[in-house]
Amino acid sequence: MLRAYSLTNSKELSQRLNDKSFFSLERQLAAEFVRQNAVPVSTNVAKPCPLCDSDNTVLFAVIDNVSYLRCCDCWSIFIPACQEIIEEYRNYSPIIALRSSDEYQDIARMKRERIWQELCFWLQFRTARYSGSNKELSVIDIGNRYEGLREQIQSLFNSYCPCDTINDAKYKADIVLFFTQIQYCTEPITEFIKISDKINSNGLLYLSARVGNGFDVLTLKSATDTIFPYEHALLPSVDGLYIALEKSGFEVLEIISPGSLDLRYVMENMDALSDDNLLLRYLYEKLDEQTLLEFQSFLQKANLSSHARIVARKREGGG
Ligand SMILES: [Zn+2]
């Protein structure tokens, strides 16, 4: 497996990708759903890790009265909830209506265009590297809620099929895109096997995820304002993803961790951290912007950023 990295070149720490007012609305709607469908904190503390199956899990954080567990072996973080409740959340109509509104989509286009271009370049480049010519390949894109991103990806391939879930895919394809979807999976191995069934032999899976071993996730714990139930039911670690994909019949070709927002998220939530977190307070108070940027670059190189991308190939003969 190749562990690669790409560095941010921006002169300042990256801006948030979410529009503040839409994000707080999403957060509020999610909290409403959770209040109506809460999983009691006390009843689920002994669930094994959904990625590596270890029983060695401990309470990591409690957010909106929902417990998050951490796997002590692979460092993945997860809510010990059943898949049904996560599906109900995904189908919660107030959130669907908000995210499909023209205004939401327009602001997403405005704020995310540059990152989508970079994502598409990565997709095109890696596809050429691992599968040769791009245009003739067929693509299934699962759960992509951004019209602007769908348009950009569609322009790269002759056959492009966006689907809400992998169950909606009617045919097999050469490539499946699973961008920021693993966070809704309480049974990721089952999901990967379903995905594998929809990929032609030797085809590729591209996956992106918020990861549990990311710097801001591990630092902020319950003080995070970007992780919340049930939007983030699973934050797999890089190791956990590797284990689960290999178990599901994939060969992991490449993992990168190009996230650029870890330090920004931590600095924006500094007040919520305990006063004795001296190293972070020192970073925040004393270091200049350039040094902080170099720190973020280190996080990217060491796969410690909380946004990861993976390319995996379905093993020959599988399905
Ligand atoms: Zn684990």
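User: Which residue in S8 is the bridge partner of Leu177?
Analyst: Tyr206 is the partner of Leu177. Bear in mind that this is a predicted model.
User: In which sense do S7 and S8 pair, parallel or antiparallel?
Analyst: Parallel, over 6 bridges. S7 covers residues 173-179.
User: What does the chain pass through from S7 to S8?
Analyst: Helix H6, residues 188-197. This β-α-β crossover is right-handed.
User: How many of the residues in S8 are buried?
Analyst: 9 of 12, so the strand counts as mostly covered. S8 spans residues 199-210.
User: And how many bridges join S8 to S11?
Analyst: There are 7 bridges between S8 and S11, and these two strands run antiparallel. S11 is residues 307-314.
User: Which residue in S11 stands opposite Ala209?
Analyst: Ala308 in S11.
User: Switching topic. What is the strand order in the open sheet of 4 strands?
Analyst: The order is S2-S3-S4-S9, with antiparallel pairing.
User: Which strands stand at the edges there?
Analyst: S2 (57-63) and S9 (234-235). Each has a single partner strand, so one side of each has no neighbour in the sheet.
User: How many bridges does S9 have with S4?
Analyst: S4 and S9 pair over 2 bridges, in the antiparallel sense. S4 is residues 77-78.
User: Which residue in S9 is the bridge partner of Ile77?
Analyst: Leu235 is the S9 residue that partners Ile77.

How values were computed
Residues numbered from 1 in each chain as written. Predicted model: local features only at pLDDT ≥ 70, side-chain atom pairs only at ≥ 80, totals over all residues. Pairing = 2+ DSSP bridges. Buried ≥ 20, exposed ≤ 12 C-beta atoms within 10 Å, placed from the backbone. Right-handed = clockwise from strand over helix to strand, strands pointing away.
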